[in-house]
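Welcome! Please take a moment with the sequence and the 3D view below, and then read on for a short tour.

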Amino acid sequence: MARTRTKPVILDGEQRKELEQIGRSRTDEARRVQRAKILLMASEGASDNKIAEAVKMNKSSVRNTIAKFYGLGVHAALGDLARPGRPAVITDDAKTWVKSQACIKPRELGYAQELWTSRSLATHIKKHCLDAGFFELANVSPSKIWTILDEDDLKPWRISYYLERRDEDFDKKMDDVLMVYKEVKLKLEGDEETEEVYVSFDEKPGIQAIANVAADLAPRKGNGTVGRDYEYRRLGTVSLLAGLNLISGEVIPLVCDTHKSSDFIDFLKLVDKKYEGARRIKVVLDNHTAHTSKETRKYLDGVPGRFEFIFTPKHGSWLNLVESFFGKLTRVCLKGIRVASKAELVERIYQYIDEINTAPVVYRWKYKLDEVTV
């Protein structure tokens, strides 16, 4: 027979309510939930063996929890008592050394890995702390390493990407592009007709034509999303060359199978024909090789003064307004698109652009435009 507890566990109404709430919790610490259940079962007269079996703890832990309740009350029984002995002290110099090691790539210290983890850094610290004179780090844990680094918000196991400016003429080229946008702004605010056409141009290569293997399933009650089989077939790719008329907002498209100088020249011929009454066509574009090739320059020499290219700086595609159109195209038209052939993909791209050209949107540039004077 189980031994009867000599001193009962007596809970008042408020204590019982608090313990029942903790015992049902799914977010509280597991040990607090277990200890709350121990006290509740003990108050109902359950034996230590029965309680230990129910909460999956040993009998000594059950008795310790009840003993803390007798001596210190409910809240002490739910928590841990302070352990004897002097707490470990990590000096500021030791913390500084840990942070300095964290800021060195593992590869530079002879390890194969590229980035630290808190565990691998703790192992490194424990291995070299005695030689560095920091004996207090001999048994440091990964969680303590994390705490030390968190003081300075150091996270050497993460990567944050940045883009270095590699174009020495970045500011000058940006000013040239902003000058075009300033001219467009002034012309949009004025009433007079303009003899010049302003086009923001870029390509979107590698648009995939993907076909379903099985038919899509329409949304229905109980399953409100489009159903789609995981299998699909690749039918090839196409490239979209597009120019955005900065005055009217109209998009001029050309879809090609390739992405070459000849395709770009075909686009220029298309724009030339479309705006044959304009005196000059200014084109904002990046410095892709197709835009500066011998073949392209030969064509431009054949139509002297017709086109003026304003190049965006390297890694400055965000300066090109047509990127706003490409973003919308990707989100609205190309997202999840499935076709039966490449020809259908081409047809649907042209159809989408025809649809938006019925009510074109004039994109307006604002960043740093007030700093530009014409």
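A residue counts as buried at under 20% relative accessible area, as exposed at over 50%, and as partly exposed in between, with a 1.4 Å probe and protein chains only. By that rule, 5 of the 6 residues of strand 4 are buried, so strand 4 is largely enclosed by the rest of the structure. Please keep in mind that this is a predicted model, in which local features need pLDDT of at least 70 and side-chain atom pairs count only at pLDDT 80 or more, while totals for chains, interfaces and linings use all residues. Residues are numbered from 1 along each chain as its sequence is written, and side-chain values use heavy atoms, with hydrogens and water left out.

**The sheet**

- Helices (H or I, at least four residues) and strands (E, at least two) are DSSP runs, numbered from the N terminus.
- An open sheet with mixed pairing is formed by 5 strands in the order 3-2-1-4-5; two strands pair if DSSP finds at least two bridges between them.
- Strand 3 (251–256) and strand 5 (307–311) stand at the edges with a single partner strand each, so one side of each is left without a neighbour in the sheet.
- From one strand to the next, the twist averages 30°, where angles run from 0 to 180 degrees between N-to-C directions and axes are lines fitted to C-alpha atoms, for helices over the stretch in contact.

**Strand 4 and its partners**

- Strand 4 (residues 280–285) runs parallel to strand 5, and 5 bridges join them.
- Leu285 has Phe311 of strand 5 as its bridge partner.
- Strand 1 and strand 4 also pair in the parallel sense, over 5 bridges, and Ser200 stands opposite Val284 in strand 4.

**Helix 9**

- Helix 9 has 20 residues and reaches 29 Å from its first C-alpha to its last, close to the 28 Å expected at 1.5 Å a residue; the expected span is 1.5 Å times one less than the number of residues.
- Its buried residues include Phe170, Met174, Val177 and Tyr181.
- The buried residues of helix 9 pack against strand 1, strand 4 and strand 5, where contact means heavy atoms within 4.5 Å.

**Helices 3 and 4**

- Helix 3 (residues 48–55) and helix 4 (residues 59–72) pack at an angle of about 110°, and their axes are 9 Å apart.
- That makes helix 3 roughly perpendicular to helix 4, a term for angles of 65 to 115 degrees.
- Helix 3 contributes Asp48, Asn49, Ile51 and Ala52 to the contact, and helix 4 contributes Lys59, Val62, Arg63 and Ile66.

Definitions and conventions
Angles under 35 degrees count as roughly parallel, over 145 as roughly antiparallel, 65 to 115 as roughly perpendicular and the rest as oblique.
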